[in-house]
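This briefing is for a reader who is new to the structure shown below.

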Amino acid sequence: MKTEIVRIDEENIDIDVIERAGRIIKEGGLVAFPTETVYGLGGDALNSASSEKIYAAKGRPSDNPLIVHIAGMNALPFIVKEVPKAAYRLAERYWPGPLTMIFHKADSVPAKTTGGLETVAVRMPSNKVAKAFIEAAGGYVAAPSANRSGRPSPTVAKYVIEDLDGRVDMIIDGGQASIGLESTIIDLTEEKPMILRPGYVTEEMLAAAIGDVETDRSIIDAACDKAPKAPGMKYRHYAPKGNLTIVEGQAEKVVSYINAHIGKLREECGGVGEKADGVRTGVIATDETAVLYQADSVKSVGGRRDAEEIARHLFRILREFDDEGVQVIYAEGFEQQGVGAAIMNRLLKAAGHQVICVDDKTD
Ligand code: TXA
Ligand code: MG
């Protein structure tokens with residue numbers, strides 16, 4: 001399949017391109033598009049065949065449901081059984097935006113779109129290109145993140161092209177995603193609202209709108225043996241090609257632990273200055289620590305206290321290590337407060353939960 005790649009400026013949207021993209025969706029095709037969280041791989045949410053195509057293009061197991069993207073509140077009642085009060089309260093504060101809500105689904109939504117579940121995940125993105133595109137596409141766009149299954153979600157079009165060129169009809173390049181992590185998912189189908197995936201809209205923000213919310217323990221606790229309720233959270237995800245380990249603890253100890261291990265690796269695999277023959281090493285550092293590391297590739301995700309900046313850069317940096325052929329990666333750990341909970345959730349999954357704590361134990 002030939003993929004058309006088009007660039008759109010969010011502040012000066014080319015309506016002809018948007019209409020062409022909308023037509024592709026209405027005719028059962030696939031279009032990757034920008035949102036404020038990450039890029040999405042879109043198809044007609046009300047068409048089973050389109051959802052099947054999404055699973056195939058992404059290489060995703062078809063029991064992993066898709067999020068239905070809408071452009072306005074008036075689109076919601078058609079695809080859900082009922083809209084609980086909490087949903088109106090959340091929508092008022094956080095829609096359009098990086099929040100996905102789960103409802104009991106109406107018959108209009110095919111089982112293929114929801115991975116066979118009786119519930120449906122719905123999000124209204126704030127990105128203007130996304131909004132215009134969803135409207136042009138008929139109002140209901142099913143879209144997982146626009147990466148091949150298992151890879152970090154794309155926050156720039158370059159990585160959408162890398163994963164999906166030749167597998168979708170069109171890729172809309174809308175520049176860098178402003179948030180950089182996928183939406184927060186909240187399940188409103190149980191008695192108590194439950195966070196199934198942490199994101200930019202934090203637990204505190206949700207509680208401020210609707211009172212007490214719970215968090216699905218299985219998504220944050222590696223030792224928890226219960227299957228997470230969001231089917232996608234059980235899969236290995238966001239993984240770079242290199243072996244990633246998170247090192248937590250006091251900053252100085254983290255730096256010396258990582259440098260010591262990189263030094264050891266170099267001795268074992270060819271020595272300093274012979275990187276091409278030896279193992280290539282990388283560190284996910286912060287502005288405060290980046291100069292202190294001795295790895296082949298040191299990348300700062302941002303200031304340690306700026307969780308939003310860290311969120312924006314994390315997935316791109318994981319991809320860049322792949323581009324550079326880095327085989328062993330160390331990452332600093334982050335506080336699980338606010339957006340930090342989402343950052344650590346993604347980082348832990350990317351690392352397959354390999355974590356070393358240097359405060360308790362130095363080896
Ligand atoms: O920010 C985002 O949410 C991005 C952009 C494109 O909107 N989309 C995204 O989609 O991250 P995806 O498919 O990569 O992740 C959706 C997650 C999966 O873990 C899936 O299992 C879960 O949402 N999910 C979808 N529908 C669900 C449902 N009915 N019940 C429980 N979990 C659901
Ligand atoms: Mg995804």
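In this predicted model, five strands make up an open sheet with parallel pairing, in the order E14-E13-E15-E12-E16. Another open sheet has 11 strands and mixed pairing.

**The five-strand sheet**

- The edges are held by strand E14 (297–300) and strand E16 (355–357); each has a single partner strand, so one side of each is left without a neighbour in the sheet.
- From one strand to the next, the twist averages 20°.
- Strand E13 (residues 281–285) is paired with strand E15 (residues 328–332) through four bridges, in the parallel sense.
- Within this pairing, valine 283 has tyrosine 330 of E15 as its bridge partner.
- Helix H9 (residues 340–350) lies across strand E12 (243–248), E13, E15 and E16, and runs at about 135° to E12.
- Lysine 299 has its charged end over the ring of phenylalanine 321, at 5.5 Å from the ring centre.

- Strand E1 (4–7) and strand E11 (214–215) are the edge strands, and each pairs on one side only.
- Strand E5 (residues 99–104) and strand E9 (residues 184–187) run parallel and are joined by four bridges; leucine 99 has threonine 184 in E9 as its bridge partner.
- Helix H1 (residues 15–26) packs on this sheet, where it touches E1, strand E2 (31–33), strand E3 (40–44) and strand E8 (170–173). The direction of H1 makes about 145° with that of E8.
- Helix H5 (residues 157–164) also lies across E1, E2, E3 and E8, and runs at about 165° to E8.

**Strand E3 and its partners**

- Five of the five residues of E3 are buried, so E3 is largely enclosed by the rest of the structure.
- On one pairing, E2 and E3 are antiparallel and share three bridges; a hairpin of six residues joins E2 to E3.
- Phenylalanine 33 stands opposite glycine 40 in E3.
- E3 also pairs with E7, again in the antiparallel sense, over two bridges. In E7, valine 141 stands opposite aspartate 44.
- Strands of a sheet pair through backbone hydrogen bonds, in either a parallel or an antiparallel way.

- Asparagine 127 lies in the loop between strand E6 (119–123) and H4. At the start of H4, a side-chain oxygen of asparagine 127 comes to within 2.9 Å of the backbone nitrogen of valine 129.
- Asparagine 127 has a relative accessible area of 8%, so it counts as buried, the cut-off being under 20%.
- Apart from its neighbours within four places in sequence, asparagine 127 is in contact with Glu10, Pro34, Thr35 and Glu36.
- After H4 comes glycine 138, with a positive phi near 105°.

**Aromatic pairs**

- A search of the whole structure finds two aromatic pairs.
- One is formed by phenylalanine 33 and phenylalanine 133: the ring centres are 4.8 Å apart and the planes stand at 45°, so the pair is tilted.
- That pair links distant parts of the chain, with phenylalanine 33 in strand E2 and phenylalanine 133 in helix H4, 100 residues apart. Both phenylalanine 33 and phenylalanine 133 are buried.
- Phenylalanine 78 and tyrosine 140 also form a tilted aromatic pair, with 5.8 Å centre to centre and 45° between the planes.
- Phenylalanine 78 lies in the loop between E4 and helix H3 (85–94), and tyrosine 140 in the loop between H4 and E7, so this pair ties together parts that are 62 residues apart in sequence.
- Phenylalanine 78 is partly exposed, with a relative accessible area of 48%, whereas tyrosine 140 is buried, at 11%.

Definitions and conventions. Residues are numbered from 1 along each chain as its sequence is written. Chains are lettered from A and ligands numbered from 1 in the order in which they are written. This is a predicted model: local features need pLDDT of at least 70, side-chain atom pairs count only at pLDDT 80 or more; totals for chains, interfaces and linings use all residues. Side-chain values use heavy atoms; hydrogens and water are left out. Two strands pair if DSSP finds at least two bridges between them. Contact means heavy atoms within 4.5 Å. Axes are lines fitted to C-alpha atoms, for helices over the stretch in contact, and angles run from 0 to 180 degrees between N-to-C directions. A polar contact is a pair of N or O atoms within 3.5 Å; within protein, one must be able to donate a hydrogen and the other to accept it, and residues adjacent in sequence count only if both atoms are side-chain atoms. Buried means under 20% relative accessible area, exposed over 50%, partly exposed in between (1.4 Å probe, protein chains only). Rings of Phe, Tyr and Trp (its six-membered ring) pair if their centres lie within 6.5 Å; planes under 30 degrees apart count as stacked, over 60 as edge-to-face and the rest as tilted. A charge sits over a ring if NZ of Lys or CZ of Arg is within 6 Å of the ring centre and within 35 degrees of the ring normal.
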